[in-house]
Amino acid sequence: MTWIKAQNVSISLGGPPLLDGVHFAIEAKDRVCLVGRNGVGKSTLLRLLAGHLSPDNGRIFVKPGSRIRYLPQEIPVTLSGLVREVVASGLEESPFPQHNPTSGEDHTVSIPAADQEWNREVLVETIHSRLNLDGDLDFSTLSGGLKRRVLLARALVSNPEILLLDEPTNHLDITAIAGLEKMFLDFPGCLIFVTHDRMFADKVATRIFELDRGQLSDWPGHYAEFVRLRDLKAQTEAQQEALFDKKLKEEEAWIRQGIKARRTRNMGRVRALERLRDLRHARRERMGNVRLRLEEAEKSGQLVIEVEDVSYQYDGVSIIDHFSTIIQRGDRVGIIGPNGCGKSTLLGLLLGRLTPHTGHVRQGTRLEVAYFDQMRTALDEEKSVADNVANGRQQIEFSGRSRHIISYLEDFLFAPDRARMPVKALSGGERNRLLLARLFLQPANLLVMDEPTNDLDVETLELLEGVVGDFAGTLILVSHDRTFLNNVVTSTLVFEGHGKIGDYAGGYDDWLMQRPPPEEVIREKPIEKKKKPVDKNRSRRKNLAEKKELALLPSRIETLESELSVLHQTMSDPHFYKNGTGQEVTAIQQQAQQLEQALADAYQRWETLEAIPD
């Protein structure tokens, strides 16, 4: 059943259309991830669906009587009171009118008062428990991450049929994000969300809506498959545009040939050239990519930081308890832990900005530190973007040559007029790009980054991964972005409670495999080195049947991948959902899921057989 339908929707907020004749339909239990570059109109589309904005053209139909709740990206400054009061306000009448274009009237949806009266406390306490909230805390005193959880509880408490979330994982720690994933997988209504957390999108979404230059593309399946198909589409589009530009160039050369050409000029060809010019003029170019490159200093000494039996307390509470580690040149260390556990305190100790209460921290020689601050305290709100980077200078030195500051900032997607605006006018993503622009001017061999991924779009995140991955120095990274951690770090320091910090090899997924059971962490048992599991397959050799099976597995895997690719191409066709019946769509989706499982089983069997000696 269709719950939301958009027909020929267009809207422009003073510039090129953010939505230009968009069509889509969202069914019950769809979990739609809305992706696209910063500024393409993702939040605008959510506000249209929530009834906060009206389209310039077209209509949006919403199932009559639906309870719609919207979680904006920014935290409202007017909210106050105890946490339980803020959450309970979600049971009152919705503060936003829900527009139903089918009737042409605005109506406000609310839970019946009689039901609220007897069920109110139960609903509030239930949502407090699900999101691990303390109802007696003052909302105004909470951190950004806790405020986001309270606002999410406020949206969920009325059991909405349609939930609109703009960056729900922003400022949340890994534990909270994992909890949201489980919650949303069981959400019975329509879920439409914007996120830059790639792992969250891959686990939660069943469909991907991509906004690009005013157009919306509908991609079925998980985020990882969307990325693969999107890249193929981008390659095809680039090839088609190159052929178009070549044709236009040839026709422009023909029309300029002069008298000889005019004598034989074909008026049909002239009109075709005019159409080509019109099409080229109407083409909207893709937004450029940030061009990132670090300014590297000379090598540091082999020892970067040595920590020996360090402890640190705050107001009598143990933040770090008898912690020791060694960081050497070239190490890439990730730091993981819940909000407020002491990650920034640990950075302060490592960099010598804080003095431990016991133990000592020794830094190596020739260290040049570049520090990315999650609080953005390095930025002067009143100064312009350019002055925050160049301190009033017009020229800067980068990679041994002089560059104009405006040219340098264009590498970080700041247009000349934007580069001259005060920092206070910037969005969160722009502020993070500005911090990167400042950071990358500093010659460094030790890069320390405290939550660098907040508010960055996926393309910039992937570029940042590449830059950090190519950095020849040492990296210390605090992040809640699990994909970023997996792709960048080689070891992780994990806050495990009561000041204990575990030291693990690899990234986030590696930590999940190595960490002790929760009971051991809670009881603060010493972390013992795990014995290497005994591989029973090593005590025997492959039999003839297993050898034959192993020989056939590559061709079977190739066949499964080919069949799955055909289904994915079918499902990526925009006409697939429009022309197919519900039963046909469901059957093909189930077939794709069965093939994916069969492929995973084949790979697992291949690994098992490969591990058995011949």
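**A tour of rings and a helix**

Begin by selecting Phe412, which is buried at a relative accessible area of 1%, where buried means under 20%, exposed over 50% and partly exposed in between, with a 1.4 Å probe and protein chains only. This is a predicted model, in which local features need pLDDT of at least 70 and side-chain atom pairs count only at pLDDT 80 or more, while totals for chains, interfaces and linings use all residues. Residues are numbered from 1 along each chain as its sequence is written, and side-chain values use heavy atoms, with hydrogens and water left out.

A search of the whole structure finds 8 aromatic pairs (rings of Phe, Tyr and Trp, the last by its six-membered ring, with centres within 6.5 Å; stacked under 30 degrees between planes, edge-to-face over 60, the rest tilted). Phe412 sits in the loop between helix H12 (405–410) and helix H13 (416–419), and Phe440, 28 residues apart from it, in the loop between helix H14 (428–439) and strand E19 (446–450); helices (H or I, at least four residues) and strands (E, at least two) are DSSP runs numbered from the N terminus. Phe440 is also buried, at 0%.

Next, select Phe184, Phe193 and Phe200, which ring pairs link into a cluster.

Finally, go to helix H1 (residues 42–50), where 7 of the 9 residues are buried, so the helix is largely enclosed by the rest of the structure; among the buried ones are Leu45, Leu46 and Leu48. Just after H1, Gly51 takes a positive phi of about 90°.
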